[in-house]
Amino acid sequence: MKTLILYDTLTGNTRVICENLQKSLFADTVQLPVRRKYTRLSAYLSGVAAALQGRGRALLPLAEDVSAYGRIVLASPVWAGRPTPAVTEFLRTYDLRGRTVHGVLCYERDAGIAAERLRQLIEQAGGRCASVVRVRRTAALMERLQADQAQLLLDPERGVLLPDSIA
């Protein structure tokens, strides 16, 4: 099954997770193309409020044809316990009927209700939400992933799996 990994990132941590996962899936990996990127300051000043209110962030059209993929991995940092506005906008814009979608949420302190919200958005977009997993971003995890000392895997039933040694 052809797989597309889509992600949003502010600091690059979610990108590292997706690029690592891509190696085991041989998937196409794409950062969601937003019209205006958040800076760290604007993310705190307006992005967090947008996430809390469930607002989206304007996207540029994807170069990839989403309908050509049977499986989508959609990854988002957690902002104020919610998926980012870019991920919310993607799920409001694209029709995912007939697609199996695995959600990945990258968080540092608290994932809040992000998993439930992401699952709802995926289903509203017509996708079959196979899993939503939360990946707690730690310095040790990021170092191991960047150094290719750990490999993330995707289980069709349980979603993204972290090796026990770094979970």
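These legends go with a set of close-up views of one predicted model. Local features need pLDDT of at least 70 and side-chain atom pairs count only at pLDDT 80 or more, while totals for chains, interfaces and linings use all residues. Residues are numbered from 1 along each chain as its sequence is written, and side-chain values use heavy atoms, with hydrogens and water left out.

**View A. Helices α3 and α4 where they meet.** Here are α3 (residues 85-93) and α4 (residues 114-124), whose axes come within 8 Å and cross at roughly 25 degrees. Helices (H or I, at least four residues) and strands (E, at least two) are DSSP runs, numbered from the N terminus. Axes are lines fitted to C-alpha atoms, for helices over the stretch in contact, and angles run from 0 to 180 degrees between N-to-C directions. On the α3 side, look for Val87, Thr88, Leu91 and Arg92; α4 brings Arg117, Leu118, Leu121 and Ile122. Contact here means heavy atoms within 4.5 Å. Sorted by class, the contact has 5 nonpolar, 1 polar and 2 charged residues. For the classes, Ala, Val, Leu, Ile, Met, Phe, Trp, Tyr, Cys and Pro are nonpolar, Asp, Glu, Lys and Arg are charged, and the others, Gly among them, are polar.

**View B. The buried residues of α3.** Pro85, Ala86, Val87, Thr88, Phe90 and Leu91 are the buried residues of this helix. Buried means under 20% relative accessible area, exposed means over 50%, and partly exposed is in between (1.4 Å probe, protein chains only). What do they pack against? Their partners are β1 (3-7), α2, β3, β4 (82-83) and α4.

**View C. Proline 85 in α3.** At 1% relative accessibility, proline 85 counts as buried. Leaving aside neighbours within four places in sequence, proline 85 is in contact with Tyr38, Gly47, Ala50, Ala51, Arg55, Gly56, Arg57 and Trp79. Leucine 74 is 11 residues away from proline 85 in sequence and 13 Å away in space, C-alpha to C-alpha.

**View D. The largest pocket and its lining.** About 560 Å³ of space lies in this pocket. On a 1 Å grid over the protein atoms alone, a pocket is an open set of points where a 1.4 Å probe fits, with protein on both sides within 12 Å along at least five of seven lines; lining residues have an atom within 4 Å of a point. Points are joined across faces, edges and corners, and the volume is the space filled by probe spheres set on them. There are 20 lining residues, and Tyr44, Val78, Trp79, Glu108 and Arg109 lie nearest the centre. Two or more lining residues come from each of α1 (13-25), α2 (40-53), β3 (71-79) and β5 (100-107). The largest share, 4 residues, belongs to α2. By class, the lining divides into 10 nonpolar, 5 polar and 5 charged residues.

**View E. Asparagine 13 in helix α1.** Buried or exposed? Asparagine 13 is buried, with a relative accessible area of 18%. Setting aside neighbours within four places in sequence, asparagine 13 is in contact with Cys106, Arg137 and Met142.

**View F. Positive phi at phenylalanine 26 and at alanine 80.** Phenylalanine 26 isn't a glycine, yet has a positive phi of about 50 degrees. You'll find phenylalanine 26 in the loop between α1 and β2 (28-31), exposed at 74% relative accessibility. Alanine 80 isn't a glycine either, and has a positive phi of about 55 degrees. Alanine 80 lies in the loop between β3 and β4 and is partly exposed, with a relative accessible area of 36%.

**View G. Arginine 134 in strand β6 (residues 128-136).** With a relative accessible area of 46%, arginine 134 is partly exposed. Not counting residues up to four places away in sequence, arginine 134 touches Leu105, Tyr107, Ala111 and Ala115. Glycine 56 is 78 residues from arginine 134 in sequence and 21 Å away in space, C-alpha to C-alpha.

**View H. Glutamate 157 in the loop between β7 (153-155) and β8 (159-161).** Glutamate 157 counts as exposed, at 65% relative accessibility. Ala130 and Ser131 are what glutamate 157 touches, not counting residues up to four places away in sequence. Histidine 102 is 55 residues away from glutamate 157 along the chain, with 9.4 Å separating the C-alpha atoms.
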